Amino acid sequence: MQAAPTFSHLLNVCKEVGSSLAREPVARGPTRPEGNFWPFSMVSQGSSPSLLEALSSDFLACKICLEQLRAPKTLPCLHTYCQDCLAQLADGGHLRCPECRENVPVPPAGVGAFKTNFFVNGLLDLVKARAGGDLRAGKPACALCPLMGGASAGGPATARCLDCADDLCQACADGHRCTRQTHTHRVVDLVGYRAGLYDEEARERQAAQCPQHPGEALRFLCQPCSQLLCRECRLDPHLDHPCLPLAEAVRARRPGLEELLAGVDKSLAELEAARMVEKEALACLREQVARVGAQVEEAAEGVLRALLAQKKEVLGQLRAHMEAAEEAARERLGELESREQVARAAAAFARRVLSLGHEAEILSLEGAIAQRLQQLQGFPWMPGPSPCLLPQVELHPGLRDKNCQLLWLSFEKQQPQKDSGKDGAGSQEGEETQKRREDGARAPKEDRAPTPQKDGSQTPNVERAQTPKEGRSQMPQEDGGAQTGGRSNKKRKFKGRLKSISREPSPAPGPNLEDSGLLPKPIFSCSFPTRMPGDKRSPRITGLCPFGPREILVADEQNRALKRFSLNGDYKGAVPVPEGCSPCSVAALQGAVAFSAGARLYLISPDGEVQWRRALSLSQASHAVAAMPSGDRVAVSVSGHVEVYNMEGSLATRFIPGGKANRGLRALVFLTTSPQGNFVGSDWQQNSVVVCDGLGQVIGEYGGPGLHGCQPGSVSVDKKGYIFLTLREVNKVVILDPKGSLLGDFLTAYHGLEKPRVTTMVDGRYLVVSLSNGTIHIFRVRSPDS
């Protein structure tokens with residue numbers, strides 16, 4: 001048990017404290033210590049903006065309650081929070097830091113035993129002093145007038161002593177500068193202090209207050225306890241402990257902290273360097289991926305161009321061979337026909353003479369007839385064997401080999417960057433790398449074979465696009481279930497689906513983009529009917545397409561007509577159609593019009609002359625038609641796949657969206673193309689909207705709750721690739737991004753929609769919508785950046 005201190009020891013301590021106070025002429029706070037070492041902050045002299053930033057930013061806000069710190073406590077990870085907020089986080093003697101997620105043990109005495117952040121307390125005192133006083137009730141009162149027997153509330157303050165931290169009236173401020181103990185104090189005007197002009201000086205003169213003894217400044221450091229003490233704490237439990245003034249303690253401990261700080265700075269520099277290296281590696285990888293991707297695109301396009309050139313050459317040879325064979329056959333047929341006529345005429349004449357002539361007449365002509373018949377019998381009837389050269393196509397063996405890969409990837413470890421003085425070594429390594437690549441290119445095919453999987457399938461090193469050969473080889477199934485049956489079946493299915501249809505707003509992923517100005521907006525332009533005086537029935541619009549500048553072409557299936565209208569609703573006439581044709585879907589090409597009717601695809605000129613027709617699958621009730629962006633080809637949906645024809649009527653390509661795996665699983669009822677060359681279709685079998693490229697590779701597909709249980713309807717694409725999907729059952733047109741993700745509603749019943757049927761996009765910025773009653777609405781699509 002420690003002995004009680006003697007009176008003489010207590011007297012010596014009092015003298016020590018008194019002498020230290022005598023050296024500090026501050027009334028309520030110490031003056032600036034020597035050596036620019038300020039207690040508790042232990043930071044180097046900073047500029048004014050750093051202090052202003054600390055006072056004005058969220059540095060003094062608790063990251064838990066988001067309010068100004070109250071009783072700030074610092075965790076071992078140097079993150080500071082309110083004491084009450086930490087008490088709420090404590091669980092089972094531990095708490096987890098909300099910022100760095102470090103697990104911190106709670107002291108036995110509770111969260112109050114964590115270190116008190118006197119640095120934050122000092123900044124909070126400065127903020128409170130700047131905001132002190134009730135400015136709405138008038139100027140703050142003087143703090144010295146009540147102590148000197150003046151007014152009870154004190155006079156209006158006009159100045160502030162930064163050392164005493166008191167507001168002073170003008171008289172007290174003048175007297176403050178004249179006394180022996182306070183003539184060195186810094187007295188400033190109160191308005192400038194409230195404006196923050198003297199924050200740096202106030203901070204330098206600020207003294208931390210003892211939490212145990214209010215009003216007493218912390219002046220000593222107990223070395224054994226490492227605890228800050230005021231003079232009251234110094235005289236009570238720490239009387240026998242060796243203590244140092246704060247300035248001396250800071251000078252003694254600052255080098256150790258600076259050394260640790262230098263070590264941390266070194267680690268930070270290493271982390272920064274590592275981060276920069278990682279960023280450079282990632283940037284290098286991005287550049288290489290972009291470079292390799294461009295090379296792959298260029299190589300694939302080159303292969304396709306070469307293949308298409310060979311295709312054109314072979315087809316040209318085939319046509320030339322056929323034309324030559326037809327010409328030779330026509331000559332032989334003409335010669336045979338002439339000989340046949342001569343023989344028939346002589347035989348007919350001989351039969352008449354034998355049947356109708358008298359004996360004398362027969363005998364008189366007997367010699368001539370016998371001579372002619374003998375001449376005909378000896379005449380060579382056949383002109384010789386006709387040359388019959390049947391063409392056969394020979395394919396390269398690699399085209400039949402499923403494991404043949406024209407493109408593959410090889411991965412090599414990235415070499416560290418060398419110094420500039422080692423360029424020769426770097427170039428040598430580059431030559432070795434190039435040599436390895438050439439060796440890999442010459443490697444046998446079995447070395448490049450895909451890696452077999454557990455299920456027996458083979459996974460190639462890199463995904464390759466579907467080749468035109470593969471796309472053309474995907475023939476639809478004759479008995480596929482896509483779009484089979486008559487209109488009565490569709491009506492029964494539709495009645496069954498009405499129970500699951502929802503009329504709630506379309507769900508949009510992430511934040512609500514509909515009100516954020518990030519989506520295109522509709523602007524109503526005009527509305528007009530499509531029934532003309534010569535129509536015998538109410539219009540039934542089944543197809544729309546742009547036709548010339550600011551014009552549309554309307555397919556009226558009920559009246560068997562293709563009507564032309566301007567975007568203002570003016571009737572421009574009609575495009576004649578073949579007799580008995582009821583156009584369903586329509587598309588305008590360069591100087592021609594393509595439309596589907598029944599199970600046929602027609603291409604006609606603007607004056608109605610049929611250029612060619614093609615038979616389509618009978619298993620589909622209707623066929624969607626769309627023009628390619630180039631205007632020289634037309635696409636048509638046939639039994640779940642897409643066929644593309646050129647202006648001569650030849651089949652250019654055929655593909656199934658998603659490849660062979662989706663054969664018989666697609667039913668594209670509506671089809672359109674984007675300016676980027678992609679295809680967008682409404683798949684009624686998968687109940688989704690599918691986006692694919694020209695080779696059938698699926699780019700995106702949406703079949704989520706935004707369809708409200710409806711079958712997707714007509715689709716249109718604007719110049720930026722946004723997709724506009726019609727949902728007839730809920731009177732909506734929703735918008736999707738170019739990859740098929742739902743963005744929100746574009747048109748609703750609020751815009752006058754009543755059972756919309758088909759849509760089209762004119763000039764990339766006018767959306768044309770046809771209704772079931774034959775009315776057409778036109779909306780201008782306003783882009784977000786317009």
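## Salt bridges

In this predicted model, Asp535, Asp556 and Lys563 are linked in a network of salt bridges. The structure counts 15 salt bridges.

One of them joins Arg275 to Glu272, with the closest N and O atoms 2.5 Å apart. Both residues sit in helix α9 (residues 246-356), three residues apart, which means that about one helical turn separates them. Arg275 counts as partly exposed, at 38% relative accessibility. Glu272 is also partly exposed, with a relative accessible area of 35%.

Glu643 and Arg654 form another salt bridge, at 3.3 Å from N to O. Glu643 belongs to strand β25 and Arg654 to strand β26, so the pair ties together parts that are eleven residues apart in sequence. Both side chains come from buried residues: Glu643 is buried, and Arg654 is too.

Strand β25 covers residues 641-646, and five of its six residues are buried, so the strand is largely enclosed by the rest of the structure.

Strand β25 has a partner in β24 (residues 633-638). The two pair in the antiparallel sense over six bridges. Arg633 has Asn646 of β25 as its bridge partner. Two residues lie between the strands of this hairpin, and Ser639 takes a positive phi near 50 degrees.

Strand β25 also pairs with β26 (residues 651-655). Here four bridges join the strands, again in antiparallel fashion. Tyr645 stands opposite Leu651 of β26. The β25-β26 hairpin has four residues between its strands. In that turn, Gly649 has a positive phi of about 90 degrees.

## The link between β33 and β34

A further salt bridge connects Asp745 and Lys732, whose closest N and O atoms are 3.3 Å apart. This pair links distant parts of the chain: Asp745 is in strand β34, Lys732 is in strand β33 (residues 732-736), and 13 residues separate them.

Both partners fall under the 20% cut-off for burial. Asp745 is buried, with a relative accessible area of 16%. Lys732 is buried as well, at 6%.

## Aromatic pairs

The structure holds seven aromatic pairs. One of them is Phe724 with Phe746, an edge-to-face pair with 4.8 Å centre to centre and 70 degrees between the planes. Phe724 lies in strand β32 (residues 723-727) and Phe746 in strand β34 (residues 742-747), so this pair ties together parts that are 22 residues apart in sequence. Phe724 and Phe746 are both buried.

Elsewhere, Phe528, Phe565 and Tyr571 form one aromatic cluster.

## The sheet β27 to β30

Four strands form an open sheet in the order β27-β28-β29-β30, with antiparallel pairing. The edges are β27 (668-673) and β30 (698-702), each of which pairs on one side only. On average, neighbouring strands of this sheet are turned by 20 degrees against each other, direction ignored.

Inside the sheet, β28 (residues 679-683) and β29 (residues 688-692) run antiparallel and are joined by five bridges. Asp683 stands opposite Ser688 in β29.

## The sheet β2-β1-β5

Another open sheet has three strands, in the order β2-β1-β5, with antiparallel pairing. Strands β2 (80-82) and β5 (115-116) stand at its edges with a single partner strand each, so one side of each is left without a neighbour in the sheet.

Strand β1 (residues 72-74) runs antiparallel to β2, and three bridges join the two. Thr74 has Thr80 of β2 as its bridge partner.

## The protein as a whole

The protein has 14 helices and 37 strands. Of its 786 residues, 36% are buried. Among contacts with a separation of 6 or more, 50% come from residues 24 or more positions apart. The accessible surface comes to about 46300 Å², and carbon and sulfur atoms account for 54% of this area.

Conventions. Residues are numbered from 1 along each chain as its sequence is written. This is a predicted model: local features need pLDDT of at least 70, side-chain atom pairs count only at pLDDT 80 or more; totals for chains, interfaces and linings use all residues. Side-chain values use heavy atoms; hydrogens and water are left out. Two strands pair if DSSP finds at least two bridges between them. Axes are lines fitted to C-alpha atoms, for helices over the stretch in contact, and angles run from 0 to 180 degrees between N-to-C directions. Buried means under 20% relative accessible area, exposed over 50%, partly exposed in between (1.4 Å probe, protein chains only). Rings of Phe, Tyr and Trp (its six-membered ring) pair if their centres lie within 6.5 Å; planes under 30 degrees apart count as stacked, over 60 as edge-to-face and the rest as tilted. Contact means heavy atoms within 4.5 Å. Accessible areas come from the Shrake-Rupley method with a 1.4 Å probe; for residues, only the protein chains shown count as cover. A salt bridge is a side-chain nitrogen of Lys or Arg within 4 Å of a carboxyl oxygen of Asp or Glu.
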